[in-house]
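Welcome! Here is a short tour for anyone meeting this protein for the first time. Please take a look at the sequence and the structure before reading on.

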Amino acid sequence: MPRYIKGQRIQIVSARDEQGKPKYRDMEPHVGKSGVIVDYYSIGFENQPSYYIYEIQLDDDKSIMAIQEDALSILMDSY
């Protein structure tokens with residue numbers, strides 16, 4: 001099950017590995033930006049659990065980015 005749904009407002013967060021290092025270094029410049037989920041899809045491999053990728057339309061420049069689920073957080077002001 002996806003953690004987030006289309007239309008939900010989110011914020012990009014820094015996902016960390018076991019050593020506390022950023023998992024997605026290319027996402028680090030976008031940490032703290034907010035946006036809206038416009039789509040999502042599941043990626044799965046044989047004998048491994050699926051994970052979700054979300055397409056986010058950013059508030060600042062309206063661009064769309066694909067971001068893994070663990071690099072997102074719900075914006076509390078969205079309720």
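Is Y54 buried or exposed? Y54 has a relative accessible area of 0%, so this tyrosine counts as buried. Please keep in mind throughout that this is a predicted model.

## The overall picture

Let us begin with the fold as a whole. The protein contains five strands and zero helices, and along the sequence this reads as β-β-β-β-β. Its C-alpha atoms fill a box of roughly 35 × 25 × 20 Å along the principal axes. A compact globule of 79 residues would have a radius of gyration near 12 Å, and the 13 Å of this protein agrees with that.

Two further values describe how the chain is arranged. Among contacts with a separation of 6 or more, 48% are between residues 24 or more positions apart. Buried residues account for 28% of the 79 residues. The protein exposes about 5200 Å², and carbon and sulfur atoms supply 50% of that area.

## How the strands pair

Strand 2 and strand 3 run antiparallel to each other and pair over eight bridges. Here D39 stands opposite E55 of strand 3.

Strand 3 also pairs with strand 4, again in the antiparallel sense, over five bridges. In this pairing, I56 stands opposite M65 of strand 4. The hairpin of strand 3 and strand 4 has five residues between the strands, and K62 takes a positive phi near 65 degrees there.

## The nonpolar core

In soluble globular proteins, nonpolar side chains tend to be buried together. In this model, the largest nonpolar core has 15 residues. Those with the most contacts inside this core are Y4, I10, I37, Y54, I56, I67 and L72. Strand 1 (9-12), strand 3 (51-58) and strand 4 (64-68) are the elements that give two or more residues to the core. Of these, strand 3 gives the most, with four residues.

## A cluster of tyrosines

Now for the rings. The structure holds four aromatic pairs. One of them joins Y4 and Y54 edge-to-face, with 5.5 Å centre to centre and 70 degrees between the planes. Y4 lies in the segment before strand 1 and Y54 in strand 3, so this pair ties together parts that are 50 residues apart in sequence. Both Y4 and Y54 are buried.

Y54 has another ring partner in Y40. The centres of these two rings are 5.7 Å apart and their planes meet at 40 degrees, so the pair is tilted. Because Y40 lies in strand 2 (residues 34-43) and Y54 in strand 3, the pair ties together parts that are 14 residues apart in sequence. Y40 counts as partly exposed, at 29% relative accessibility, whereas Y54 is buried. Taken together, ring pairs link Y4, Y40, Y52 and Y54 into a cluster.

How values were computed:
Residues numbered from 1 in each chain as written. Predicted model: local features only at pLDDT ≥ 70, side-chain atom pairs only at ≥ 80, totals over all residues. Heavy atoms only, no water. Core = buried A, V, L, I, M, F, W, Y, C linked by side-chain atoms within 4.5 Å. Buried < 20%, exposed > 50% of the residue type's maximum accessible area, 1.4 Å probe, protein only. Phe/Tyr/Trp six-rings, centres within 6.5 Å; stacked < 30°, edge-to-face > 60°. Rg over C-alpha atoms; globule rule 2.2 N^0.38 Å. Contact = heavy atoms within 4.5 Å. Areas by Shrake-Rupley, 256 points an atom, 1.4 Å probe, with all protein chains shown as cover. Pairing = 2+ DSSP bridges.
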